[in-house]
Amino acid sequence: MSIDDELRAVLYEIELNKLKANELAKELQIIEVKTAELANAHETLKNLREVKNKNALTPVGGGCFVKTKIIDTNKVLLSFGANTFGDLPIEKAIDEINNRINTLNGEKNKIIKNIGNIERK
């Protein structure tokens with residue numbers, strides 16, 4: 001193998017590693033957004049247990065909110081994906097959200113490790 005061929009192979013590997021690192025960085029950003037969303041839900045559910053004022057603004061999308069009245073703070077509907085929801089006691093919903101956050105943090109750590117491995121190459 002000539003020096004030019006070796007140089008091309010090294011440059012190709014460098015470019016490939018840059019692409020991998022960029023994809024991993026995008027995945028990391030998605031995980032951070034999901035984690036922040038779950039942390040917000042966790043905090044809201046914790047505070048919901050102590051609601052004194054039963055009126056709320058509920059987002060319906062597109063920056064639009066409707067005034068609602070909270071009638072039950074003992075149970076919440078939690079999405080399990082694929083249009084499947086569960087009616088859970090608030091404590092179980094908080095536990096499930098904590099599990100999801102922990103799972104995402106594990107995935108985040110794996111991605112950070114993979115990015116570090118790529119950077120060391």
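The second largest pocket in this predicted model has a volume of about 200 Å³. To display its lining, select Lys34, Glu37, Leu38, Asn40, Ala41, Thr44, Leu78, Ile97, Arg100 and Leu104. Now colour the helices α1 and α2 (90-120); these are the elements that give two or more residues to this lining. Which element gives the most to it? That is α1, with six residues. Colour the selection by residue class next: the lining of the second largest pocket has five nonpolar, two polar and three charged residues.

Keep Thr44 selected, as this residue also belongs to the lining of the largest pocket. The largest pocket has a volume of about 440 Å³ and is lined by 18 residues. Then show α1 (3-48), β1 (55-61), β2 (64-69) and β3 (75-81), the elements that give two or more residues to the lining of the largest pocket. By class, that lining divides into 12 nonpolar, three polar and three charged residues.

For the last stop, select Ile112, in helix α2. Is Ile112 buried, partly exposed or exposed? Its relative accessibility is 41%, which lies between the cut-offs of 20% and 50%, so Ile112 counts as partly exposed.

Technical notes:
Residues are numbered from 1 along each chain as its sequence is written. This is a predicted model: local features need pLDDT of at least 70, side-chain atom pairs count only at pLDDT 80 or more; totals for chains, interfaces and linings use all residues. Side-chain values use heavy atoms; hydrogens and water are left out. On a 1 Å grid over the protein atoms alone, a cavity is a set of points where a 1.4 Å probe fits but cannot get out, and a pocket is an open set with protein on both sides within 12 Å along at least five of seven lines; lining residues have an atom within 4 Å of a point. Grid points are joined across faces, edges and corners, and a volume is the space filled by probe spheres set on the points. Helices (H or I, at least four residues) and strands (E, at least two) are DSSP runs, numbered from the N terminus. Ala, Val, Leu, Ile, Met, Phe, Trp, Tyr, Cys and Pro count as nonpolar, Asp, Glu, Lys and Arg as charged, and the others, Gly among them, as polar. Buried means under 20% relative accessible area, exposed over 50%, partly exposed in between (1.4 Å probe, protein chains only).
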